[in-house]
Amino acid sequence: MSRIWEIPGGVHPPENKQQSMTRSIGHLPLPATLVIPLHQHIGAPAKVAVTVGQTVLKGQKLTDASNLNNLPVHASSSGTVIAIDDKPVAHPSGLNALCVTIATDGKDQWIEHAGISDFRQCDPHNLLQMITEAGIAGMGGAGFPAAIKLSPSNDKPVDTFIINATECEPYITADDAAMQEKTQDLIQGIEIVGHILNNPSRVLVGIENNKPQAIVALRSHIKERSIEVVSFPTKYPSGGEKQLIYILTGREVPSGGLPSDLGMVCLNIGTLIAIKRAIIDGEPLISRITTVTGEACGVNRNYDVLIGTPISHLLAHNEFDERNCSRLIMGGPMMGFSLTSTEVPVVKTTNCILASSYSEIPSDLPAQACIRCGLCAEVCPASLLPQQLFWYAQAKDQERLEAHNLFDCIECGACSYVCPSNIPLVQHYRSSKGEIRKANIDKIDSDNARQRFEFRKLRLEQADEQRQVKREARRLATEQARATNSTVQSGSSAADIIAAAQQRAMTKQSTPEQQKAKFERALLAAQSRLEEAENRLTEATAHGTAEQQARCSASLESARQKVDQTQNRLKELSD
Amino acid sequence: MAFKQISSPHGHNPQNTGWIMQLVLLSTVPGFLALSYQFGWGSFINLIVAVVTSLTAETAILACRNRPIAFYLKDYSAVVTAVLLALALPPLVPWWVVVVGSLFSIVIAKQLYGGLGYNPFNPAMVGYVVLLISFPIEMTTWITPLSLLPDGVSHPGLWESMSIVFAGSAPVDGVTGATPLDIFKHSSGLVVDQIYQNEALFSQASFAGVGWEWVNVGFLIGGLILLKTGVFTWHGPLAMLGTLALMSILFWDGGSSESPGSPIMHLFSGASMMGAFFILTDPVSSAVSNRGRLIYGALIGLLVYVIRAWGNYPDAIAFAVLLANFAAPFIDNYTLPRTYGHTDRRKATEKQEEK
């Protein structure tokens with residue numbers, strides 16, 4: 001039995017997990033439309049690879065991914081693409097995003113696909129490629145591309161592989177249900193990842209002790225000695241990646257770093273099952289297990305849901321009572337975000353839909369003053385001082401916020417949960433983080449601008465110096481030449497010099513035709529400059545500042561004079 | 001239908017600030033009962049006058065500041081301030097002393113700084129110090145504990161007490177007397193054993209000083225209840241009491257005529273327990289981190305002893321707490337906890353993390 005380290009802080013909100021575990025994982029009828037957001041992971045979005053009107057098969061790629069950073073998305077069922085446009089999606093910002101909408105044809109016809117029978121014979125690199133092609137992003141929360149996690153860029157070999165089966169958020173039972181019903185798939189997933197990671201010396205399944213059936217299921221299926229199921233007391237937020245790593249190994253992920261810095265990789269249950277499907281069955285990630293729960297739903301249950309299924313479809317099959325629904329939350333009550341519409345689709349990271357009643361999650365009470373009681377600091381799993389962070393967040397004191405390690409806040413919500421003054425602390429931290437990030441970007445921009453300016457100044461100064469040097473050299477040469485001339489021609493008179501000069505001028509003088517051609521060229525150039533100046537002035541009048549306008553009209557005037565001048569010269573010449 | 005967009009976490013545990021304050025109020029009951037048993041009706045009258053004055057003052061200022069009155073009164077913070085001040089004042093002190101103290105606490109020390117959560121100093125102690133400096137005689141006249149009253153003399157009843165407090169009639173002779181700390185302050189030249197033999201306050205005591213020991217036990221019990229319910233952590237009180245005990249051991253001086261008194265006498269006399277559990281635990285004006293609270297508590301313990309032993313006042317909780325309030329923001333800057341993923345604790349003042 002492995003030793004367990006206890007994280008500081010933590011809270012024990014009511015678990016509310018039993019109501020969705022009374023039945024097995026269910027399936028829903030095929031929805032009429034599937035709305036598939038193109039960007040369901042952390043990283044760059046991929047390019048659309050289908051057109052409106054095109055027929056797609058189940059499992060067909062809708063986007064082209066060029067590298068590990070942009071994962072493809074796939075059609076979750078067969079049908080016709082009826083729209084590619086911005087639609088409301090599940091995102092804390094509440095903003096719309098580009099989605100492919102498919103009208104399903106009911107045939108649910110698969111595209112040709114094949115897995116590999118013996119992954120152990122396969123090069124890990126090829127397996128990673130398959131995982132990326134299957135569009136697998138971390139299904140626990142943030143949606144970090146799984147293949148990136150599995151191929152740490154630093155040279156540190158992975159010696160510990162952690163399976164996050166904690167599921168510490170109240171209400172959510174998707175992983176619990178999967179562990180009980182898809183145990184074999186999960187174990188295979190663990191084995192595949194073990195192979196990719198070159199069989200790390202420790203494979204630990206971290207699970208809270210409130211899931212005894214899952215623990216039994218896992219232990220009875222695990223034959224390999226190397227996989228160890230470690231259960232520990234239930235406490236929120238034990239399932240945070242950093243927290244779980246500490247619980248299981250007593251080590252801390254360095255601030256701003258990744259588990260791979262410690263030679264560790266951490267994946268969640270859903271992700272591992274998806275990896276098994278991708279490698280063994282050749283199926284991309286087109287469905288996931290999602291908990292539908294909350295008192296506003298008559299039925300609380302886990303479902304194997306197609307990605308892109310509108311939430312309204314889920315709710316409609318679960319006796320959803322809209323009038324009794326205080327909030328609609330994607331994810332759990334501690335870290336999930338509220339949805340404003342039931343039309344948003346299920347995405348790869350949707351582990352729970354919580355439709356709470358008014359008695360279950362009442363409206364937030366108005367915030368009172370912070371009395372610095374310190375209950376928040378007592379429950380903070382990162383050992384921050386939330387009350388001080390709140391104080392400096394209000395004062396917008398970014399230096400102090402950073403000195404108090406604002407960016408080590410994992411936004412678990414434990415502080416807000418216990419705050420006796422009902423202060424939405426996490427919201428303050430999120431907004432302060434955003435402000436600091438923006439300020440940092442602005443600072444980089446202004447630093448760049450300053451560097452450019454300083455470089456230009458330096459360049460101009462250098463050019464100036466060089467010119468000065470050349471001028472000096474020329475002056476010296478002229479003086480020298482004059483001195484030589486005066487010694488040579490000291491005898492000749494002034495009249496001789498003038499005559500010689502006139503002679504030189506005469507030879508330089510071009511024919512009248514040549515002169516005329518030259519003036520005509522000059523006129524053309526001057527006219528085009530005039531035209532350009534006019535354009536610039538119209539633009540400046542429309543959009544520019546008064547100063548710009550004045551500058552433009554001045555240059556217009558000078559261009560006009562130049563044209564007149566050249567025309568006059570030309571006229572003189574032809575006369 | 002559109003649902004409300006609300007930031008996580010959704011849901012909240014049932015505790016709120018008003019509830020915490022009520023818990024503090026309830027926990028003062030043992031101390032209050034001990035005070036009333038030992039010294040009569042005075043504390044009860046103080047309590048009523050202070051609460052009425054404080055609530056009136058709070059309401060008036062909230063109205064002036066255009067704040068929702070009921071919402072703020074429901075946090076019970078004004079009541080807590082009033083109760084703590086009332087329990088700190090000598091029983092049977094004239095009513096206007098209580099009124100002046102309460103007004104000063106609520107209006108000047110609390111509301112003018114911005115109300116609950118924004119006061120840099122403990123309001124009750126600000127009120128107390130103002131009274132102590134302005135009205136030294138009223139503030140140092142204490143009643144004799146019940147068991148030391150001369151035969152045939154008892155504490156004034158409720159009506160008599162009220163006439164003393166409100167009409168200014170003089171209490172019966174022999175009802176007032178010195179406190180244990182007063183005795184040590186004014187008995188230079190005697191060794192501790194002699195003091196203990198001469199003074200009934202000590203010779204008849206169970207372990208520290210007649211009456212006072214039970215008042216302190218009362219506040220200790222209340223404090224332990226609060227500690228158990230998690231309203232505050234052990235750091236501040238333990239550091240304060242520990243330092244006070246340590247100092248009195250260090251300067252015990254074998255009970256010579258220079259000795260400022262035994263550790264037990266210091267821990268269970270004056271406002272030691274009330275200060276440790278009800279005054280320095282005021283979160284608003286104290287240091288925030290656990291380590292900070294250790295330093296903050298120790299500083300108060302140290303100051304209390306220094307003033308008791310070598311200062312001009314017999315007791316010093318209020319002065320010590322106010323001085324430590326000054327130091328709290330400074331302590332906070334240098335007592336940040338070590339955050340997950342960092343090798344070392346940081347300072348609040350640093351611009352870049354030292355690697």
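The legends below describe close-up views of a predicted model.

**View 1. Domains of chain A.** The domain assignment divides chain A into domain 1 (18-354), domain 2 (376-477) and domain 3 (512-575). Between the C-alpha centres of domain 2 and domain 3 of chain A, the distance is 48 Å.

**View 2. An open sheet of 6 strands in chain A.** The strands of this sheet follow the order β1-β13-β12-β16-β14-β15 (chain A), and their pairing is mixed. At the edges are β1 (26-27) and β15 (337-339) of chain A, each of which pairs on one side only. One pair to look for is β1(A) with strand β13 (residues 301-306) of chain A: these two are parallel and are joined over 2 bridges. Within this pair, G26(A) has Y303(A) in β13(A) as its bridge partner.

**View 3. A helix lying across two strands of chain A.** Helix α3 (residues 174-181) of chain A lies across β12 (287-293) and β13 of chain A. The direction of α3 is at about 125° to β12(A).

**View 4. An open sheet of 4 strands in chain A.** In this sheet the order is β2-β7-β6-β4 (chain A), and the pairing is antiparallel. The edge strands, pairing on one side only, are β2 (33-37) and β4 (55-56) of chain A. Strand β2(A) is joined to strand β7 (residues 96-104) of chain A by 5 bridges, and the two run antiparallel. Here L34(A) is found opposite I102(A) in β7(A).

**View 5. Two helices crossing in chain B.** Two packed helices are described by the angle between their axes and the distance between the axes. For helix α14 (residues 235-250) of chain B and helix α16 (residues 272-279) of chain B, the axes come within 8 Å and the crossing angle is roughly 155°. Angles over 145 degrees count as roughly antiparallel, so α14(B) and α16(B) are roughly antiparallel to each other. Their crossing is right-handed.

**View 6. Residues where α14(B) meets α16(B).** On the α14(B) side, the residues in contact are P237(B), M240(B), L241(B) and L244(B). On the α16(B) side, they are S272(B), M273(B), A276(B) and F277(B). Sorted by class, the contact of α14(B) with α16(B) has 7 nonpolar residues, 1 polar residue and no charged residues.

Note on methods. Residues are numbered from 1 along each chain as its sequence is written. Chains are lettered from A and ligands numbered from 1 in the order in which they are written. This is a predicted model: local features need pLDDT of at least 70, side-chain atom pairs count only at pLDDT 80 or more; totals for chains, interfaces and linings use all residues. Side-chain values use heavy atoms; hydrogens and water are left out. Axes are lines fitted to C-alpha atoms, for helices over the stretch in contact, and angles run from 0 to 180 degrees between N-to-C directions. Angles under 35 degrees count as roughly parallel, over 145 as roughly antiparallel, 65 to 115 as roughly perpendicular and the rest as oblique. A crossing is left-handed if the near helix is turned anticlockwise from the far one by less than a right angle, and right-handed if clockwise. Contact means heavy atoms within 4.5 Å. Ala, Val, Leu, Ile, Met, Phe, Trp, Tyr, Cys and Pro count as nonpolar, Asp, Glu, Lys and Arg as charged, and the others, Gly among them, as polar. Domain bounds come from an automatic or database domain assignment. Two strands pair if DSSP finds at least two bridges between them.
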